[in-house]
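Hi,

Here is the model I promised to pass on. Have a look, and my notes on the aromatic side chains follow below.

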Amino acid sequence: MGKLEEIQKRRTFGIISHPDAGKTTLTEKLLLFGGAIQSAGAVKSNKIKKHATSDFMDIERQRGISVATSVMAFYYKEKKINILDTPGHKDFAEDTYRTLTAVDSAIVVIDVAKGVEEQTEKLVKVCKTRNTPMIVFVNKMDREGKDGFDLLDEIEGKLKMKACPLSWPIGMGQRFKGVYNIFESKLVLFDSHGKQDEESTIVIESLDDPILEQKVGDQLARELREEVEMINEVYPSFDQEAYNAGELNPVFFGSAINNFGVKEMLDCFVEIAPMPLARQTEERLVDPLEDKFSGFIFKIHANMDPKHRDRIAFLRICSGIFERNTNYLHVRNDKKIKFSNPTAFMAEKKSVIDEAYPGDIVGLYDSGNFKIGDAVTEGEKLHFIGIPSFSPEQFRYINNADPLKSKQLNKGVSQLMDEGVAQLFIMENSGRKIIGTVGALQFDVIQYRIEHEYGAKCTYEPINMHKATWIGYSDDVAFKEFYTRRRNNIAKDKDGKWVFLAESAWSLNTVMEAHPKISFHTSSEFE
Ligand code: G4P
């Protein structure tokens, strides 16, 4: 098979949801369809147990296991599908944000009873900043939940999506009879055993077909006709270009645990989801069909065994063909680098590969060279953009608790920051270091790992901080004045970018008003 065909058949995506909406269950069903796993439960056992939220070591251990589920690849209808795992736990939201930089599209899972939840909103927002095409799957239709139209309103209101229902539920909970597949004009019936087989899928020419009454009863048949008529009137029909541009979002209904409605969505997904997309760099747009290889690191996973401090860096291939044992350029270090054991992930299995194509994710063993966002190329000095840092939500000063080990502490902190465990800010006035994280858990993780992997010790000191904002300016004089007056709150991030640390929303506003020529951004990348 030629390079073009290989690239065209790849679909790389992530599933996002609020915890418990059914992401793991859906992932598992997709893998079962692809024949990548044989039994249910295989993915689930790798999941971070929800009751262990207070035990960070358990979570880290689970994260160790979850290397295997970081990428789950399978074949379906001659497409190679790469699912990128996104941790649902909110303390690892940064991991998820970064993983979303490596996908070409996403599936958003919503619980029919709970509707759009907080974490879903945040993750969809991140996808929207990149215009990532998204499909919505409303899950748990076997349970009582919100009305379909109310959910569409929520999807449009809270997620700012343009909903385009491609399937529609017939009843719900106890009365759930199945879905009408609008995309293919098919009636798909849910049998009492929760199975969906060929016989339960009926192709009908139109909704006037009396078979509808026979199968779902008079009342539900009438309701379905009315509702589908309303959908046709109110909602736009599917438009491939609008979906590709992130401006139209197909919506499906089903029940992942019962494997119902999943096939409808998957069949549609393989047809409409985009092949590997071009990626923007500071220098130029990189097309997947280019001859020369390029890729970027979007995730780094530490080895949980302290005796082997190697890590796995996950590389998203953006162009060309990646080959084993070939000299490439690690752009940031300006050094040649060669990989003898690049790893690919097929469902639960890992294997060393000789080559990989755009859209694929390769695991590279790394002894501490890589940083999130790093580019690897055949020689061109490219810098991929769109892998920003976001403002952390919790801040603490980090102090050295063992003066003899300050070198080890610095190394540990620096490597953990490269891995993306947390963010480091160095204050301009005092040179003190502040660690910023999304969740409180990371502070424990850092302390533990610094001690066990680097032999150093650290303590934290509380600090009253609300937000980190990255600073933009074009007027040097205005910046100088801002810098002089606000030095106590100015820091540099890991890349040496200027950051203003605000103690409260109020103080941020005051500073913004006082310095209109300075712009303040909640992410490290801005226009
Ligand atoms: P997550 O990865 O998004 O956190 O969710 P996960 O798939 O683990 O699903 C969360 C819970 O919802 C699980 O139940 C799962 O069995 C259930 N679930 C998933 N899909 C459906 C569905 O279509 N209908 C119904 N009724 N439930 C569904 P649990 O009791 O928390 O876990 P478990 O004991 O079943 O593993």
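**Aromatic pairs and confidence**

F33 is partly exposed, with a relative accessible area of 25% (that class runs between buried, under 20%, and exposed, over 50%, using a 1.4 Å probe and protein chains only). F33 sits in helix α2 (residues 23-33) and Y76 in strand β2 (residues 71-76), 43 residues apart (elements are DSSP runs numbered from the N terminus: helices H or I, at least four residues, strands E, at least two).

The whole structure has 26 aromatic pairs. In one of them, F13 and F269 have centres 4.5 Å apart and planes at 50°, so that pair is tilted. F13 is in strand β1 and F269 in helix α10, so the pair ties together parts 256 residues apart in sequence.

The charged end of R432 sits over the ring of Y397, 3.8 Å from its centre (NZ of Lys or CZ of Arg within 6 Å of the centre and within 35 degrees of the ring normal).

Remember that this is a predicted model: local features need pLDDT of at least 70, side-chain atom pairs 80 or more, while totals for chains, interfaces and linings use all residues. Numbering starts from 1 along each chain as its sequence is written, and side-chain values use heavy atoms, without hydrogens or water. Mean pLDDT (the predictor's per-residue confidence, 0 to 100) is 88 for the protein.

Cheers

Key: Rings of Phe, Tyr and Trp (its six-membered ring) pair if their centres lie within 6.5 Å; planes under 30 degrees apart count as stacked, over 60 as edge-to-face and the rest as tilted.
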